[in-house]
Each structure stands twice: as structure tokens, then as C-alpha cells.
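Here is a short briefing to read alongside the sequence and the model.

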Amino acid sequence: MAETVHVRRVGVVHNDEPGRWDDIVPEGEALRLPPGTSCLQAMRTGRTVHVPHVDEACADRLAAPFTDRDLRPLFTGRALLIVPLIARGRALGNIKLLRKSDRPGFDDLDLALLGELARRAALCIDNGRLYRREVQTAQELQRSMLPDDPPDVAGARVRYRYRPAGQAAQVGGDWFDAIPLPGCRLGIVVGDVMGHGLTSAAIMGQLRTAVRTLAGEDTRPGRLLRQLDGLARRLGDGYLATCLYAIYDPVARTCTLANAGHVPPVLVAPDGTGRVLDLPEGVPIGVGGAPFEAVQIPVEDGSRLVLCTDGLLERRDRDLDQGLRELTDCLAAAPPDLDAACDAVLAGLGSDNPADDIALVAVGFDGVPAADVAAWDLEPEPSMVRWARAQVAERLVQWNLDALTPTIQLLASELATNALLHGAGSIRLRLIRGRALVCEVYDDGADLPHLRTAAATDESGRGLQLVSNLAARWGTHRTAAGKVVWFEHDL
């Protein structure tokens with residue numbers, strides 16, 4: 001069954017009197033080609049349509065689809081050639097050529113030349129179409145892998161800025177993220193996959209997912225980069241990226257960082273003075289054979305940490321070291337507000353049409369007030385559970401959270417009892433009042449507890465079920481000396 005074909009006129013060139021073509025057949029017009037037209041015949045058969053002389057009857061047929069205007073004067077008395085644009089077996093359109101009656105008609109040499117021109121033009125058009133689709137796919141993949149709004153966490157403020165490369169060919173693998181961690185801590189990561197295009201965007205997505213997974217296990221920065229490096233080498237030789245991962249602890253007021261060949265961050269003190277952090281550089285992810293050393297630094301309340309990718313700093317007229325110096329100076333003069341500071345950095349160092357992607361992450365360190373943290377060292381004996389319940393109740397009253405006392409007492413005592421029965425060494429209980437109420441129980445044991453189903457006759461195994469059902473979130477992870485089991489209760 002014949003169907004109407006929709007096309008668009010993309011170009012009109014002529015040497016007739018002004019206005020004759022521009023008004024009747026404007027560029028950009030959408031057309032419907034009904035069955036039987038010469039243009040549709042050329043596209044369907046892939047063969048050139050040659051009319052040496054367009055008489056009045058032929059002009060009527062050519063102009064028939066255009067009922068709202070009279071195109072016959074444009075065709076009558078002229079030689080017509082309709083050359084199809086065919087690439088990879090796909091009809092893309094036509095080139096329609098007309099010669100005035102006072103000029104020679106199209107000969108065999110013209111037909112051969114224009115046929116070759118149409119084949120090459122169609123191939124270029126199809127390559128552009130396929131390339132644009134690849135770029136759109138890469139851009140969509142890249143956008144889908146980047147985080148949405150920054151997380152709202154206690155003790156820190158996070159702001160993002162991302163500006164894609166100005167040239168579509170430079171779609172890259174820059175990524176960034178801020179990941180809430182247990183104990184009100186915050187994980188911050190910035191990375192840059194080497195290369196551009198769809199492959200780099202896909203690699204970026206896999207590495208970002210791996211970082212989120214490893215960070216969720218509360219993996220320390222150096223170990224996280226080692227595991228990420230091992231994953232990249234298992235995936236393939238082309239998986240190379242730079243990465244910087246940091247963990248901010250608003251209670252201890254420390255920041256622990258590890259670097260895998262990435263641009264170092266800038267730390268801005270509360271008084272506005274900034275410095276580039278001197279971190280062990282490390283090799284990029286995927287190279288292998290080298291350790292990743294973590295560095296812990298104290299950070300003051302009111303300071304800011306700024307991480308970025310090299311697209312912000314490097315240009316043809318500016319190397320990386322100069323870019324870092326200018327970034328430090330720009331941050332020193334920037335307003336204290338994080339959003340305003342990010343905008344000032346982009347305005348001062350960035351470009352509206354950058355040659356490479358730009359990713360910028362700014363973190364304001366506010367810390368958790370000491371009055372919102374309570375910690376107790378517990379004696380590893382049965383009486384400690386009752387004592388811990390009393391301390392928890394007293395602190396909740398001080399925080400005006402006494403309505404939560406029965407639930408928090410129950411859950412805290414379950415964790416303390418598990419530490420007494422299945423842990424080892426010293427036991428420590430800590431409460432943190434942040435966006436949620438956090439309860440942590442530390443011990444020196446190496447075995448991590450896990451949720452299991454308790455039978456009707458079992459005397460144990462129900463403690464973590466209570467925690468799982470009553471708490472908003474809970475989990476466990478290893479520490480340098482043992483482990484911690486924690487839960488959060490929404491306020």
C-alpha cells in the first residue's frame with residue numbers, strides 16, 4: 001500500500017530574479033509527497049529521474065501536490081533532474097536540479113557527475129546523522145549518570161556545577177558525587193575517564209556505580225581506590241581514569257583523602273586564605289601496580305573544600321599549575337556563599353564553550369556541634385546494658401527527644417547486648433543528633449553481624465530484626481580496630 005512520505009526542504013539555491021523561489025518554495029518547509037510523484041519515485045527506486053524538457057502537462061503533474069500555490073512557472077520549459085540521496089541502502093531525500101530553457105540540457109556526463117556527487121553527499125549526511133545519534137546517546141548516558149541535587153547532610157553543605165564540552169565530539173567521562181555515610185560523615189568523589197565519546201561515558205557510569213557501592217560499605221579512601229583500580233583492570237585495558245575520593249567527618253572535624261592521578265583539591269580556610277592540598281598523587285585508576293596512600297587532615301568549621309576536573313584549569317594558554325594558582329586566588333576573593341563561589345569560579349576560569357567537560361564540587365565544612373554528640377565507654381559486663389539505657393534516656397530528655405526514648409532505648413540496648421555477647425574488647429556507645437538521630441555501638445570484634453530469620457524455638461536472632469523494623473536505616477562496617485553497628489531514626 002502506497003504511503004505519503006514526509007520530507008523537509010533544507011536548501012534552495014537559484015539565479016532567477018529575487019523572490020521568485022524564496023517566496024514560493026522557502027527553505028525549511030515540511031512537505032508531504034503523495035504516491036506517484038517524481039520525487040518519491042526517485043527515492044523508492046534509487047534511480048535518477050531525468051526530464052529533458054518539462055512541458056505544460058509535466059509541470060501540472062509536478063505542481064499538483066502543492067494546491068496552495070502555483071509552481072508551474074518554475075518548472076515549465078526547463079530541464080529537470082531529480083537525483084536520489086541513498087546511503088547504506090537508506091533513502092535520505094533528493095537533489096532536484098533545473099536548467100533554464102536557454103541553456104543546454106543535462107547530458108550523460110552531467111548525470112554521471114551529479115550521481116557521484118549525490119552518493120558522496122548522502123554518505124556525509126548519513127555519517128552526520130549516525131554521529132549525532134552517538135553523541136546524543138553519549139550525552140544522555142552521561143547526564144543520567146550524574147547526580148541530581150546535592151544531599152542534605154548534617155555538618156556539611158554541598159554544591160555542584162557541571163558544564164559539558166562545547167564540542168559534541170568532546171563528550172567525556174567526568175563524574176562527581178557526594179555520598180552520605182554512617183556517622184553523619186560524607187564521601188566526596190570527583191573523577192575523569194580518559195578519552196571522549198560513548199565509550200568514556202559508559203566507563204564513567206560503571207566506575208561511578210562502583211564508587212557508590214564501595215562507599216556504601218564504608219570503604220576507606222585508599223582501599224576504595226585500590227578496589228576501583230582492580231575492577232577497572234578486570235573490565236579491560238581501556239578502563240583508565242583519574243579519581244579523587246575524600247571522607248569528611250563532621251564530628252572529628254577531619255577530612256581523609258586519597259588521590260589516583262587527579263587534580264588536587266583546594267582547601268579554603270575560614271579567613272579566605274586557600275592552599276592546594278599536597279597529596280600523594282598516585283597513578284590513574286586502571287594502571288595498577290602502585291598503592292594509594294590516604295592522608296588525614298584537620299579541618300576547621302567554616303572552611304571549604306573545592307574539587308574539580310582539569311577541564312576547568314587547563315587551556316591552550318594555561319597549564320595545570322597556573323590554573324590551580326588562579327583557582328586558589330579566585331576562591332580567596334569569592335563570596336562565602338557556596339553557590340556564589342561556584343558561579344564566581346566558573347565565570348573567572350571556565351569558558352562558555354569549553355574544550356573539555358568541567359565538573360566542580362564545593363563542600364562547606366560546618367561540623368556537628370559538640371552538644372549534639374554524646375559518647376560513653378561501656379564495661380563489658382551484663383550491667384552495662386541497663387546503665388546504657390539510662391544514659392540514652394537522660395540524653396534524649398536533654399535534646400527534647402524524650403518521645404523517642406522507648407524506641408531508642410530498645411534499639412540501643414539490642415546493639416549493646418550483641419556487642420557484649422558476640423563482640424570483643426572494649427565497647428563504646430555514641431549518639432549523634434543531626435538530620436536524624438544516629439546511634440552507634442563499637443567493639444573490637446572482627447565478625448560482622450547479619451540479619452537472619454529466627455525460628456520459634458530460637459532464643460536469639462531477633463535483635464537485628466527489631467532494629468531493621470523500627471529504625472529508618474541500619475548497617476555495620478569495619479573500623480581500624482574492630483567494627484561498628486549503627487542505626488538511624490528519623491526526627
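**A buried arginine and its surroundings**

Arg-430 is found in strand β17, which covers residues 427-433; helices (H or I, at least four residues) and strands (E, at least two) are DSSP runs, numbered from the N terminus. This is a predicted model, in which local features need pLDDT of at least 70, side-chain atom pairs count only at pLDDT 80 or more, and totals for chains, interfaces and linings use all residues. Residues are numbered from 1 along each chain as its sequence is written, and side-chain values use heavy atoms, with hydrogens and water left out.

**Arg-430**
- Arg-430 counts as buried because its relative accessibility is 14%, and buried means under 20% relative accessible area, exposed over 50%, partly exposed in between (1.4 Å probe, protein chains only).
- Its side chain makes polar contacts with the side chains of Glu-440 (2.8 Å) and Tyr-442 (3.3 Å).
- A polar contact is a pair of N or O atoms within 3.5 Å; within protein, one must be able to donate a hydrogen and the other to accept it, and residues adjacent in sequence count only if both atoms are side-chain atoms.
- Leaving aside residues up to four places away in sequence, Arg-430 touches Val-251, Val-373, Ala-374, Ala-375, Val-438, Cys-439, Glu-440 and Tyr-442 (contact means heavy atoms within 4.5 Å).

**The sheet**
- Five strands make up an open sheet, ordered β16-β17-β18-β20-β19, with antiparallel pairing; two strands pair if DSSP finds at least two bridges between them.
- At the edges are β16 and β19 (473-478), each of which pairs on one side only.
- From one strand to the next, the twist averages 15°; axes are lines fitted to C-alpha atoms, for helices over the stretch in contact, and angles run from 0 to 180 degrees between N-to-C directions.
- Seven bridges join β17 and β18 in the antiparallel sense, and Arg-428 stands opposite Tyr-442 in β18.

**Helix α12**
- With 18 residues (405-422), α12 reaches 25 Å from its first C-alpha to its last, close to the 26 Å expected at 1.5 Å a residue (1.5 Å times one less than its number of residues).
- α12 lies across β16, β17, β18 and β20, and runs at about 170° to β20.
- Buried residues in α12 include Ile-408, Leu-411, Leu-415 and Ala-419.
- Among the elements covering the buried residues of α12 are α11 (383-398) and α13 (463-470).
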